[in-house]
Amino acid sequence: MKKNVLYSAVLCCAVLSACGGSSSDGGSSSSSGAASTPAQTAPGGVYLGYYAEDPKTNPEDPTLGAFVLNLPASNTSFSGSMFFTYVGCQSENVGTVSGNKTDSGISGNWSGSLDGVMNTGSYTGNYQAATQSYSGTYTNAGGKQFRNLQPCIQYYIAPNGSFEMFAAEKLIPDTFQISLNGRTLSWSSVSGSAVTLVYVMNPQIAQSTGNPVIWQTIVPATGSVTIPQSVNLKAGTEYLVAVAVASGSYQRLAFGSKRFTAQ
């Protein structure tokens, strides 16, 4: 089995530590007395999106996966856990992620064991006010790697990739629509689409500890999918469903998320 379905991969960062000072100079002012214009601080909260392995450096089996961060509201450091597994026959790999949030974006490092081999890397991204999103790139210091876990799976780990995360219920483009009828999820047809990542997450878990992504799948360029009955959606609990539509070269064509309460 090759890496054709990404079961669960997410960076869930709880704010566990903070820098000692603020972004302003506590006691000084300009000699002229003129008030300076404060920098615009990129917003915090739960941001959800996707990561895409670079198909140029990993042409064998590039894939998409869920990417979620719970960012601090102020300019400070943050840290949390990373969860990674490709298919259900593997044990879940748990690592750590740390970083710093500034006026313009985020940057940091990640580390963890991926199927028994320690990997480390870095990421950096900027906030885009027009789309209410963070976008950037990540690298794996170990470079491209092959894993043979037959009869379960064999796959390549890409040496690098990109990511985007959006505020909850943001739709890109604005005409992109998502609807949910029971467990059947539908979304707008997008010209040029080749692959779609769909996942369900619990935003409350994203704000605490644990893996907030409770189910995800990759489907061809289709406009609907049914959440399996085996996925435990607790009645009365609010969830977010996310849809990322990409081209054959894994360029994002559309993304959106929608809140729903399980019945």
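Tutor: Happy to. Keep in mind that this is a predicted model.

Student: How far apart are N160 and K56, in sequence and in space?

Tutor: They are separated by 104 residues in sequence, while their C-alpha atoms are 9.7 Å apart.

Student: Let's move to D61. Where is that one?

Tutor: D61 is in the loop that runs between β2 (45-53) and β3 (64-71).

Student: Buried or exposed?

Tutor: D61 counts as buried because its relative accessible area is 7%, and the cut-off for buried is under 20%.

Student: What polar partners does the D61 side chain have there?

Tutor: Its side chain forms a polar contact of 3.2 Å with the side chain of N58.

Student: Okay, new topic: the nonpolar core. How many residues are in the largest one, and which have the most contacts inside it?

Tutor: The largest nonpolar core has 22 residues, and L64, V68, Y199 and M201 have the most contacts within it. Two or more residues each come from β2, β3, β15 (195-201), β16 (213-220) and β18 (238-246).

Student: What does Y199 contact, beyond its neighbours within four places in sequence?

Tutor: Quite a list: among them are L48, A66, F67, V68, V213, W215, L240, V241 and F255. There is also a second, separate core of 21 residues, and V198, V200, I227 and V243 are included in it.

Student: Why do nonpolar side chains end up in groups like that?

Tutor: As a general point, nonpolar side chains in soluble globular proteins tend to be buried together.

Student: Now the whole chain. How many helices and strands, and how much of it is buried?

Tutor: The chain has one helix and 19 strands. Of its 263 residues, 49% are buried.

Student: Last one: what share of the contacts between residues at least 6 apart in sequence join residues at least 24 apart?

Tutor: For the protein chain, that share is 64%.

Technical notes. Residues are numbered from 1 along each chain as its sequence is written. This is a predicted model: local features need pLDDT of at least 70, side-chain atom pairs count only at pLDDT 80 or more; totals for chains, interfaces and linings use all residues. Side-chain values use heavy atoms; hydrogens and water are left out. Helices (H or I, at least four residues) and strands (E, at least two) are DSSP runs, numbered from the N terminus. Buried means under 20% relative accessible area, exposed over 50%, partly exposed in between (1.4 Å probe, protein chains only). A polar contact is a pair of N or O atoms within 3.5 Å; within protein, one must be able to donate a hydrogen and the other to accept it, and residues adjacent in sequence count only if both atoms are side-chain atoms. Contact means heavy atoms within 4.5 Å. A nonpolar core is a set of buried Ala, Val, Leu, Ile, Met, Phe, Trp, Tyr and Cys residues joined through side-chain atoms within 4.5 Å.
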